[in-house]
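Here is a short briefing to read alongside the structure. Have the viewer open and follow the residues as they come up.

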Amino acid sequence: MNASAHTRIKFCGMTRADDIALACELGVDAIGLVFAQRSSRRLDIEQARALRDVVADGIDVVALFMDNEAAYVQRVIDEVRPTLLQFHGSEDEAFSEAFGVPYLKAVAMGGDVATDPLSRHARAVALLLDSHAAGGAGGTGHRFDWSRIPHDSGRAFLLAGGLHPDNVFEAVNTVHPWGVDVSSGIESAPGEKDTAKMRRFVQEVRRADSLPR
Ligand SMILES: O=C(O)c1ccccc1NCC(=O)[C@H](O)[C@H](O)COP(=O)(O)O
């Protein structure tokens with residue numbers, strides 16, 4: 001994701017070319033393509049390869065996995081050419097780093113939260129703090145208690161879980177994350193993004209970014 005002062009935006013669970021084209025036009029920083037078996041937004045490699053070609057240069061293509069086999073992860077890397085990986089399951093540092101592709105690691109902030117949730121995966125590009133409990137899937141549309149986020153961890157993280165156009169202004173202004181990630185909150189149905197919600201979400205993040213800090 002490009003290095004800039006603004007809050008990065010990742011639109012995840014993208015399944016349609018027109019939605020991706022609009023996301024790029026709106027200036028998001030990353031497009032998430034889901035390969036987790038437990039997702040209603042899951043793509044097969046052929047679909048993902050076609051969608052990947054719609055993504056404008058300079059915008060990250062994030063391939064999202066949840067405890068998928070290493071051989072399948074490598075096939076997606078070879079055939080879809082993601083610029084970032086995202087691991088949502090129990091993947092450890094060794095597994096995540098083995099592919100030689102920069103990655104994001106999801107951290108379960110729902111349920112029981114580890115005493116130092118932001119201490120692992122030191123070589124991840126960023127963490128993705130999400131509302132699932134350990135072992136749970138993402139893409140739920142539910143938020144978590146943002147006060148659980150440790151302050152001054154020094155770690156770059158994307159805030160995820162239940163964000164939408166009507167709460168992302170508050171989220172950016174209270175949490176000041178490196179980035180925000182959204183799937184359900186910009187949808188009309190799983191995998192089907194809503195153009196008005198996409199536009200409003202980006203406008204609200206940019207409105208928050210325009211405030212003095
Ligand atoms: O999005 C999914 O369907 C999904 C399924 C299984 C594991 C992870 C999944 N998504 C992870 C993401 O990065 C989502 O964007 C994140 O959980 C936020 O989702 P939402 O609360 O719907 O905005």
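His-176 is partly exposed, because its relative accessibility of 39% falls between the 20% and 50% cut-offs. Keep in mind that this is a predicted model. The points below start with backbone angles and then turn to the ligand and to one strand residue.

**Loop residues with positive phi**
- His-176 sits in the loop that joins α5 (168-175) to β8 (179-182).
- The phi angle of His-176 is near 50 degrees, which is positive although the residue is not glycine.
- Most residues other than glycine have a negative phi.
- Asp-152 also has a positive phi, near 55 degrees, and is likewise not a glycine.
- You will find Asp-152 in the loop between β6 (126-130) and β7 (157-159).
- Asp-152 is exposed, because its relative accessible area of 80% is over the 50% cut-off.

**Around the ligand**
- The ligand is surrounded by 21 residues, and the closest are Ser-39, Asp-130, Gly-139, Asp-181 and Ser-184.
- By class, this shell holds six nonpolar, eleven polar and four charged residues.
- Asp-130 places a polar side-chain atom 2.5 Å from an oxygen atom of the ligand.
- Gly-162 has a backbone N or O atom 2.9 Å from a ligand oxygen, and Ser-183 has a backbone N or O atom 2.9 Å from a ligand oxygen.
- On its own the ligand has 530 Å² of accessible area, and the protein covers 99% of it.

**A strand residue**
- Arg-8 belongs to strand β1 (residues 8-11).
- With a relative accessible area of 10%, Arg-8 is buried.
- Arg-8 and Ser-183 are 175 residues apart in sequence, and their C-alpha atoms are 15 Å apart in space.

Key:
Residues are numbered from 1 along each chain as its sequence is written. This is a predicted model: local features need pLDDT of at least 70, side-chain atom pairs count only at pLDDT 80 or more; totals for chains, interfaces and linings use all residues. Side-chain values use heavy atoms; hydrogens and water are left out. A residue is near a molecule or strand if one of its heavy atoms lies within 4 Å of it. A polar contact is a pair of N or O atoms within 3.5 Å; within protein, one must be able to donate a hydrogen and the other to accept it, and residues adjacent in sequence count only if both atoms are side-chain atoms. Accessible areas come from the Shrake-Rupley method with a 1.4 Å probe; for residues, only the protein chains shown count as cover. Ala, Val, Leu, Ile, Met, Phe, Trp, Tyr, Cys and Pro count as nonpolar, Asp, Glu, Lys and Arg as charged, and the others, Gly among them, as polar. Helices (H or I, at least four residues) and strands (E, at least two) are DSSP runs, numbered from the N terminus. Buried means under 20% relative accessible area, exposed over 50%, partly exposed in between (1.4 Å probe, protein chains only).
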